[in-house]
Amino acid sequence: MKSSDQACIVGIGQTEFSKASGRSEQQLAAECILAACKDAGINPKTIDGMLTFDLDNSDEVDVMRSLGCKEIKYTARLPQGGASSVSTIVHAKRAVEIGFCDTMVIWRAMNERSQYRFGQPHFNLSPDAHSSTFMEWCFPFGAQTPAAWEALSCGPYLHKYGVTSEDLGRIAVTFRTAAASNPAAWFYEKPITLEDHQASRWIVEPTLRLLDCCQESDGGVAIIITRGDMAKDLKQIPVQIKAAEYSMYFNHEIISDFYAGDLIRSDNSEAVADALEKACGIAPKDTDVAMIYDNFTPQVLRQLEGFKYCGVGEAKDYVKDGHLELHGKTPLSPNGGLMGEGYIHGMNNITEGVRQIRGTAANQIKNAETAFLASGVAGAIIGRA
Amino acid sequence: MRPDPIQRIDTTFFWDACERGEFLVQKCEPCDKLWHPPRPMCPDCHSLEKSTQKLSGKGTILSWVRQVRPASFGFKESPFVILVELEEGLRFVSNFTGEGAPEIGMSVTVDFKKTSGGKYVPVFNKATS
């Protein structure tokens, strides 16, 4: 594909990440989208494509009303919770390259700490709606939170390879060390030690302590995507979406992934890694920065293996050997990730990938030319044109 | 007390059987394949004709957790949640209600527990033999 036809990320915007935003989710959405437009140097009225999560409470009408978007030609909402974060990039890339629209905005805005608690049981979920039929097989058995489903699904893997709580703790320490020098992070200047991790209370026995879990945050993040031909005239260095792929196999579920596969290998991520390399010639492990979705620490290990940073069962040693640290071979989420910076459902990891390519990040990785964005079933490789 | 099972059109047969003390699985009538969780159509032969099969109730624990914070809603004390690999090759999320703590690899057998609304759900205890 000619680079003039290829999708690029041209603008990023965000609100502050907090525990009580003090304003509506609709306002957070409008604010972060306006910030992304200003960053790109485009008029919000010219946005003609919109993408968000099916879990987002603001919608196209709200966004158009506040930002004055004249006409949209494309809109979609993606399922599967945080897995949709990088899925939005997969869809946005195809949509602008095909010509569904010229200027796509992706956003996620939520008061998931002050208005509702994302990590707590939700009683108002209809089992027939919002991909939640799985709740029927968990709720009456007392497995009622994302942490419980995650821990149950990861149990066989952790058991087979003898992954200890300390092994998981090292991942949390890596995120919090990076967050400590990122002024935008909620945990700015608040690093943790492995001892802090080991002393933190159980959320789900025998796997997840408090410091194995991402935050619950209030805030909004937006991204603007156009084709290369338009991107070259805008304010920022365009960040090309070199490849973006999605894969989900039969009988898998997202966080409650109990019924398919051997519960050891991550089939979906492996397929995505192969497709990315085939599409752009770059494997995830060969990029300069790894932005890997970190809802809970075990998920990082399983994705490192699924996306082929190391062999199956080797991820705990890959972490221990320091490869994910800021000066390591494949630095992990220099913003501090969803544990350290904030949990805007994975979208703030995408914007960090963009800053790394632009060379404007708080914890800038030297000469970063490519970054890998991952959320389990979806992955993307971005980089300089 | 334990929350009632959520029941849907495609799954009511399962929970009704629990009230009779039976642990059932969906069976595709033409091709004899067993499926859990239940679904309206056989993903192999695409038949809508379904019957049920009684399960042996024997299985092995693949994974276990206990939800500490927040505690499991509806329970006096958060139960041990287990993922069981049933003898028939299906996986099922349930509780370990035996003495002591569950262990990965432990052999278990089915039992039933009453819910707050008088329904029943299958749970598992350590196998005796």
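Buried residues make up 58% of the 385 residues in chain A; a residue counts as buried if 20 or more other C-beta atoms, placed from the backbone, lie within 10 Å of its own, as exposed if 12 or fewer do, and as partly exposed in between. Keep in mind that this is a predicted model, in which local features need pLDDT of at least 70, side-chain atom pairs count only at pLDDT 80 or more, and totals for chains, interfaces and linings use all residues. Residues are numbered from 1 along each chain as its sequence is written, while chains are lettered from A and ligands numbered from 1 in the order in which they are written.

Let's stay with chain A. A compact globule of 385 residues would have a radius of gyration near 21 Å, and chain A agrees with that at 19 Å (the radius is taken over C-alpha atoms, and the globule rule is 2.2 Å times the number of residues to the power 0.38). Along the principal axes, the C-alpha atoms of chain A fill a box of roughly 55 × 45 × 45 Å. Inside, you'll find twelve helices and eleven strands; these are DSSP runs numbered from the N terminus, with at least four residues for helices (H or I) and at least two for strands (E).

Strand 1 of chain B runs antiparallel to strand 3 (residues 50-54) of chain B, and five bridges join them; two strands pair if DSSP finds at least two bridges between them. Here Cys28(B) stands opposite Lys50(B). Strand 1 of chain B is also joined to strand 2 (residues 34-35) of chain B, again antiparallel, by two bridges, and Lys27(B) has Leu34(B) as its bridge partner. The hairpin of strands 1 and 2 of chain B has five residues between the strands, and Asp32(B) takes a positive phi near 65 degrees there.

How do the chains meet? 31 residues of chain B are in contact with 30 residues of chain A, contact meaning that the C-beta atoms, placed from the backbone, lie within 7 Å. On chain B's side, strand 4 (58-67), strand 5 (80-86) and strand 6 (91-96) each give two or more residues, and strand 4 of chain B gives the most, with six. Strand 4 of chain B also pairs in the antiparallel sense with strand 5 (residues 202-205) of chain A, over two bridges. In that pairing, Glu205(A) stands opposite Arg66(B).

Conventions
Contact = placed C-beta atoms within 7 Å.
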